[in-house]
Number of protein chains: 2
Amino acid sequence: MAAGSPGAKRRARQHPDERRKQLIGIGLEMLTTRPLHQITIDDVAAKAGISRSLLFHYFPTKRDYYADVVRAASRRLLRATRVEGDTIDDLVAGFLNFIERRHEPYIALFRSAGTDDWAHEIFRETRAALTDQVLTALAIEQPSELVRAAVGAWLAYAEELALEWAQHHTGTREQVHALLTGALEHIVRSAR
Amino acid sequence: MAAGSPGAKRRARQHPDERRKQLIGIGLEMLTTRPLHQITIDDVAAKAGISRSLLFHYFPTKRDYYADVVRAASRRLLRATRVEGDTIDDLVAGFLNFIERRHEPYIALFRSAGTDDWAHEIFRETRAALTDQVLTALAIEQPSELVRAAVGAWLAYAEELALEWAQHHTGTREQVHALLTGALEHIVRSAR
DNA sequence: CTACTTATCGAGCATTGCTCAATAGTGACG
DNA sequence: CGTCACTATTGAGCAATGCTCGATAAGTAG
């Protein structure tokens with residue numbers, strides 16, 4: 001099925017910004033259903049109703065396109081996990097809420113992390129930003145390298161446990177919540 | 001440079017088992033330097049000094065080859081992390097020793113985890129086996145689902161922290177060791 | 001209406017995963 | 001030692017895919 005009305009102009013010219021948004025949007029959508037490297041240019045172009053060539057007009061290479069998509073996913077994630085409260089409880093509650101409702105984009109970002117160096121870099125930056133959020137919520141001003149590393153590692157723990165809970169309903173929400181806050185407290189206390 | 005002596009027979013026939021081992025060995029080696037999906041059949045064949053076709057004679061498809069390579073990496077990992085001692089201290093010490101010396105294969109396995117469904121499955125199995133090892137060392141006979149999940153998540157924490165330590169020397173070995181054992185004790189105690 | 005910019009396309013090239021029929025080591029058996 | 005069956009091995013070739021390049025037309029300015 002074509003994008004526009006039937007018999008529409010064969011060349012529906014659009015403004016570059018909107019095209020870019022559209023293409024990246026398609027990438028984000030596809031990223032939730034399959035791993036990054038299984039998204040072919042042809043797929044994206046077909047879904048957008050444009051030719052392969054046009055995609056290369058906007059993104060010099062497939063990797064550049066991927067990178068922009070993953071960056072967009074990262075930005076979404078960071079915006080969505082921004083916590084309102086200050087306490088660890090609020091933080092963890094918000095995190096669990098997010099994972100419960102939108103674990104698919106999270107997994108998507110996760111999965112792309114290992115595909116390439118640049119993807120891993122974006123993933124690291126994302127986790128670093130999350131670490132900052134946690135440290136802020138904990139009111140830790142000048143964390144040592146060890147504390148930062150420990151909190152970053154706790155994020156890995158939290159991601160794993162929360163995803164397991166969201167996908168396989170392992171334990172109750174309260175149990176998971178308690179496990180997360182307890183571990184964070186313990187880890188931070190131990191690390192300094 | 002050719003594999004054998006110069007002017008050797010053009011068709012150096014080998015036994016299937018050795019060929020398979022050789023090919024998988026090449027895959028394992030390449031896996032430490034680049035992400036899985038960047039390993040092309042041509043690369044492997046060239047390095048082995050054979051034609052592309054022969055690789056498809058041994059592995060029906062590229063994915064099957066990949067899967068066998070990743071499985072081999074997983075087996076290596078499990079063999080190398082097998083702990084001798086019984087206490088948590090022994091366990092963590094062995095884990096740190098392993099990560100310190102051979103974090104590259106570990107990272108390689110890590111990275112391949114997100115590339116595809118089958119890779120993720122192998123990764124899950126590997127982590128499940130590691131979880132069993134930990135539970136055994138902890139002398140926990142009949143763990144609840146929650147305890148299993150928590151220990152599995154602790155593995156994510158341990159991997160992250162240990163890799164950070166091995167790569168960027170974050171904190172001393174004793175500090176990391178204490179962080180790991182402390183967290184594990186705390187988590188297991190909380191989870192039941 | 002004209003001219004200029006550029007979004008858009010189609011054709012075509014190189015790489016790569018994969019197939020298939022043909023070839024040639026190698027071991028088994030006489 | 002010779003012959004034969006088995007199969008490891010290859011080369012040619014197809015389809016998909018990343019990517020290039022020149023041509024074209026949809027807008028915009030004048």
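This note walks through a predicted model with chains A and B, point by point.

1. **Ground rules.** Because the model is predicted, local features need pLDDT of at least 70 and side-chain atom pairs count only at pLDDT 80 or more, while totals for chains, interfaces and linings use all residues. Residues are numbered from 1 along each chain as its sequence is written, chains are lettered from A and ligands numbered from 1 in the order in which they are written, and side-chain values use heavy atoms, with hydrogens and water left out.

2. **Overall make-up of chain A.** You will find 8 helices and 0 strands in chain A, and the pattern along the sequence reads α-α-α-α-α-α-α-α. Helices here are DSSP runs of H or I with at least four residues, strands are runs of E with at least two, and both are numbered from the N terminus. Taken along the principal axes, the C-alpha atoms of chain A fill a box of roughly 65 × 35 × 25 Å. Of the 192 residues in chain A, 48% are buried (buried means under 20% relative accessible area, exposed over 50%, partly exposed in between, with a 1.4 Å probe and protein chains only). Contacts in chain A between residues at least 6 apart in sequence join residues at least 24 apart in 66% of cases; contact means heavy atoms within 4.5 Å.

3. **How the copies relate.** Chain A superposes on chain B by a rotation of 180° with 0.0 Å of shift along the axis, at an RMSD of 0.1 Å. The two copies are thus related as by a two-fold rotation axis. The superposition is by least squares on the C-alpha atoms of residues with pLDDT of at least 70 in both copies. In chain A, the C-alpha nearest the axis belongs to A:Tyr157, 2.4 Å away from the axis. Both copies use the same surface, since 100% of the contact residues of chain A recur in chain B.

4. **Helix α1 in chain A.** This helix covers residues 16-31, and its 16 residues should span 22 Å at 1.5 Å a residue, which agrees with end C-alpha atoms 22 Å apart. The expected span is 1.5 Å times one less than the number of residues. Buried in α1(A) are A:Arg19, A:Leu23, A:Ile24, A:Ile26, A:Gly27, A:Leu28, A:Met30 and A:Leu31. As a reminder, an α-helix has 3.6 residues a turn, so residues three or four places apart point the same way. The cover over the buried residues of α1(A) includes α2 (41-48), α3 (52-58), α4 (62-81) and α5 (88-112) of chain A.

5. **Packing of α1 on α4 in chain B.** The axes of α1(B) (residues 16-31) and α4(B) (residues 62-81) come within 9 Å and cross at roughly 75°. The two helices are therefore roughly perpendicular to each other. Axes are lines fitted to C-alpha atoms, for helices over the stretch in contact, and angles run from 0 to 180 degrees between N-to-C directions; under 35 degrees counts as roughly parallel, over 145 as roughly antiparallel, 65 to 115 as roughly perpendicular and the rest as oblique. From α1(B), residues including B:Leu23, B:Ile24 and B:Leu28 meet residues of α4(B), among them B:Tyr65, B:Val69 and B:Ala72. By class, this contact has 9 nonpolar, 1 polar and 3 charged residues.

6. **Helix α7 in chain B.** With 24 residues, α7(B) reaches 34 Å from its first C-alpha to its last, close to the 34 Å expected. Most of this helix is covered, with 19 of its 24 residues buried. B:Leu161 lies in α7 and is buried, at a relative accessible area of 1%. Setting aside neighbours within four places in sequence, B:Leu161 is in contact with A:Ala149, A:Ala150, A:Ala153, B:Val176, B:Leu179 and B:Leu180. B:Leu161 and B:Leu179 are 18 residues apart in sequence, and their C-alpha atoms are 9.0 Å apart.

7. **B:Thr131.** This residue sits in helix α6 of chain B and is buried, with a relative accessible area of 3%. Leaving aside neighbours within four places in sequence, the contacts of B:Thr131 are B:Arg148, B:Val151, B:Gly152 and B:Leu155.

8. **Two positive phi angles to look at.** B:Ala139 is not a glycine, yet has a positive phi of about 60°. B:Ala139 is in the loop between α6 (117-137) and α7 (145-168) of chain B and is exposed, at a relative accessible area of 57%. B:His169, also not a glycine, has a positive phi of about 55°. B:His169 is in the loop between α7 and α8 (173-191) of chain B, and is exposed at 63%.

Technical notes
Nonpolar A, V, L, I, M, F, W, Y, C, P; charged D, E, K, R; others polar.
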